[in-house]
There are 2 protein chains.
Amino acid sequence: MSKQPLIDFFQKNSDMSLQTIINITNHFEDRRFLKNEFLLREGKVSDLLYLADGLMRAYTFDLKGDEVTTNFFAKGRQVFDHASFFLQTPSEENIQAVTDCIGYSITFEKMNTVFHSIPEFREYGRRMLVKELVSYKKRTLAMINKTAEQRYEDLIKDDKEIFQSAQLKHIASYLGVTNSSLSRIRREFSRH
Amino acid sequence: MSKQPLIDFFQKNSDMSLQTIINITNHFEDRRFLKNEFLLREGKVSDLLYLADGLMRAYTFDLKGDEVTTNFFAKGRQVFDHASFFLQTPSEENIQAVTDCIGYSITFEKMNTVFHSIPEFREYGRRMLVKELVSYKKRTLAMINKTAEQRYEDLIKDDKEIFQSAQLKHIASYLGVTNSSLSRIRREFSRH
DNA sequence: TTCCGTTCTTGTCATATGGCAACTGCCTTT
DNA sequence: AAAGGCAGTTGCCATATGACAAGAACGGAA
């Protein structure tokens with residue numbers, strides 16, 4: 001029973017009883033990923049992973065064929081392609097381990113079974129979706145009314161783990177700038 | 001019984017039986033808005049509105065105190081602040097009628113009652129949330145790897161209603177550019 | 001250690017967009 | 001018709017960021 005981090009997570013993020021939580025976590029499988037290993041590949045259907053430790057990165061390709069990092073997932077977050085998981089459609093993105101990772105995963109089918117039998121978990125699932133939606137909304141807004149430098153500042157303030165483990169080129173495309181622009185932004189930034 | 005547009009909408013966007021749909025639509029209230037009237041004001045809790053006709057606009061303010069249009073809602077869409085509605089928290093944005101509007105609204109409380117009694121409707125609600133999430137994701141990506149001109153082209157191609165009724169300054173902040181930049185983009189664009 | 005490939009930085013120049021102010025055109029009020 | 005206000009356009013210049021290429025730094029493989 002090494003599911004303790006997952007149990008802690010649900011205790012912190014829902015009002016479900018411990019009994020209910022243990023019942024739920026029993027449906028999750030232990031998973032390990034080495035650095036660079038894939039959780040999800042384009043074209044496959046996404047499972048959901050609770051990331052207990054490590055850092056993951058989601059990416060896709062732009063029209064020129066260059067990689068664009070669409071998201072980073074630090075430990076304590078749920079990692080999945082929302083559309084692919086909830087609608088059970090092929091994923092348009094790849095999700096890869098940036099560092100070695102440990103987590104617990106569940107398929108949509110199982111998740112749905114649990115949803116049906118435990119209304120509070122259904123409620124929790126909805127909350128989670130809404131929170132994801134809010135964070136994308138914030139990010140869209142940040143792209144509109146913040147400079148690349150401000151977005152960089154926000155990232156190193158709020159998401160230290162990303163900043164420490166991810167490659168700069170991946171951070172650059174996540175922030176919406178080129179490698180060289182990010183490099184210059186960092187130079188300015190380090191001069192205070 | 002003027003709920004026909006709402007009934008049509010659910011018939012097109014879900015697998016629910018007509019009987020179930022009529023049952024659901026009975027919980028919605030008829031609503032009318034004059035141009036410039038507000039559906040939602042900052043600080044209030046959002047209801048959900050199915051927009052049968054007209055155009056609405058959501059906006060908030062940036063750090064300088066300038067309006068930023070965060071979304072347009074054309075007829076046939078559901079209009080609400082997702083976070084405020086689903087989490088029942090005060091809204092951070094305003095939603096205003098751009099043209100005269102007709103629609104049907106429901107409170108979260110009623111919606112929730114219906115969710116509890118009709119599992120297919122719950123399923124429909126989840127799909128809706130995921131679709132909203134996907135569209136924000138796309139928009140974030142567009143901000144990263146498309147130019148303002150491409151975003152403008154996409155808008156006039158995919159959302160003609162917005163383009164026809166909304167003010168250019170509102171379209172500009174939605175696209176993430178200034179009024180004058182949009183003006184120049186339009187000039188270039190009209191020269192083919 | 002040496003070599004090689006990748007990541008990151010930097011220089012130079014080009015381009016997109018912003019900021020501001022003036023001007024135009026349209027609508028409303030009187 | 002005149003006056004005022006707001007939306008939109010345009011000109012001018014400043015700034016942010018991109019594109020590309022060269023060099024520096026670092027790490028893994030032999």
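View 1. Gln88(A) lies in the loop that runs between α3 (82–87) and β7 (94–97) of chain A, where helices (H or I, at least four residues) and strands (E, at least two) are DSSP runs numbered from the N terminus. The model is a predicted one, in which local features need pLDDT of at least 70 and side-chain atom pairs count only at pLDDT 80 or more, whereas totals for chains, interfaces and linings use all residues. Residues are numbered from 1 along each chain as its sequence is written, while chains are lettered from A and ligands numbered from 1 in the order in which they are written. Gln88(A) counts as partly exposed because it has 13 C-beta neighbours inside 10 Å; with C-beta atoms placed from the backbone, a residue is buried if 20 or more other C-beta atoms lie within 10 Å of its own, exposed if 12 or fewer, and partly exposed in between. Phi of Gln88(A) is near 55°, which is a positive value in a residue other than glycine. Leaving aside neighbours within four places in sequence, Gln88(A) is in contact with Val45(A) and Phe108(A), contact being defined by C-beta atoms, placed from the backbone, that lie within 7 Å. From C-alpha to C-alpha, Gln88(A) and Lys137(A) are 23 Å apart in space, and they are 49 residues apart in sequence.

**View 2. The loop that holds Asn36(B).** In chain B, Asn36(B) is found in the loop between β1 and β2 (38–40). Asn36(B) is not a glycine, although its phi is positive, at about 75°. Asn36(B) counts as exposed, because it has 10 C-beta neighbours inside 10 Å.

View 3. Strand β1 (residues 29–33) of chain A pairs with strand β8 (residues 101–106) of chain A in the antiparallel sense, over five bridges, where two strands pair if DSSP finds at least two bridges between them. Within this region Glu29(A) stands opposite Ser105(A) in β8(A). Strand β3 (residues 48–53) of chain A also runs antiparallel to β8(A), and five bridges join them; here Leu51(A) has Gly103(A) in β8(A) as its bridge partner. In chain B, strand β3 (residues 48–53) and strand β8 (residues 101–106) likewise pair in the antiparallel sense over five bridges, and the partner of Leu51(B) in β8(B) is Gly103(B). An open sheet of four strands in chain B has the order β1-β8-β3-β6, with antiparallel pairing. The edge strands, each of which pairs on one side only, are β1 (29–33) and β6 (78–79) of chain B.

**View 4. The nonpolar core around Met56(A).** The largest nonpolar core has 91 residues, and those with the most contacts inside it are Met56(A) and Met56(B); such a core is a set of buried Ala, Val, Leu, Ile, Met, Phe, Trp, Tyr and Cys residues joined through C-beta atoms within 7 Å. When residues up to four places away in sequence are not counted, Met56(A) touches several residues, including Leu39(A), Leu51(A), Phe73(A), Ile95(A) and Cys101(A).

**View 5. The contact between chains A and B.** In this view, 22 residues of chain A are in contact with 23 residues of chain B. The elements that give two or more residues to the side of chain A that touches chain B are β5 (67–73), α3 and α5 (119–145) of chain A. α5(A) gives the most to this side, with 14 residues. By class, this side has twelve nonpolar, five polar and five charged residues, where Ala, Val, Leu, Ile, Met, Phe, Trp, Tyr, Cys and Pro count as nonpolar, Asp, Glu, Lys and Arg as charged, and the others, Gly among them, as polar.

**View 6. The surface near DNA strand C.** Of the 16 residues around DNA strand C, those that come nearest are Leu168(A), Ser180(A), Ser183(A), Ala148(B) and Ser181(B); a residue is near a strand if its C-beta atom, placed from the backbone, lies within 6 Å of it. At least two residues of this surface are supplied by each of α8 (168–175) and α9 (179–190) of chain A and α6 (148–158) and α9 (179–190) of chain B. The largest share, six residues, comes from α9(A).

Methods. Contact = placed C-beta atoms within 7 Å.
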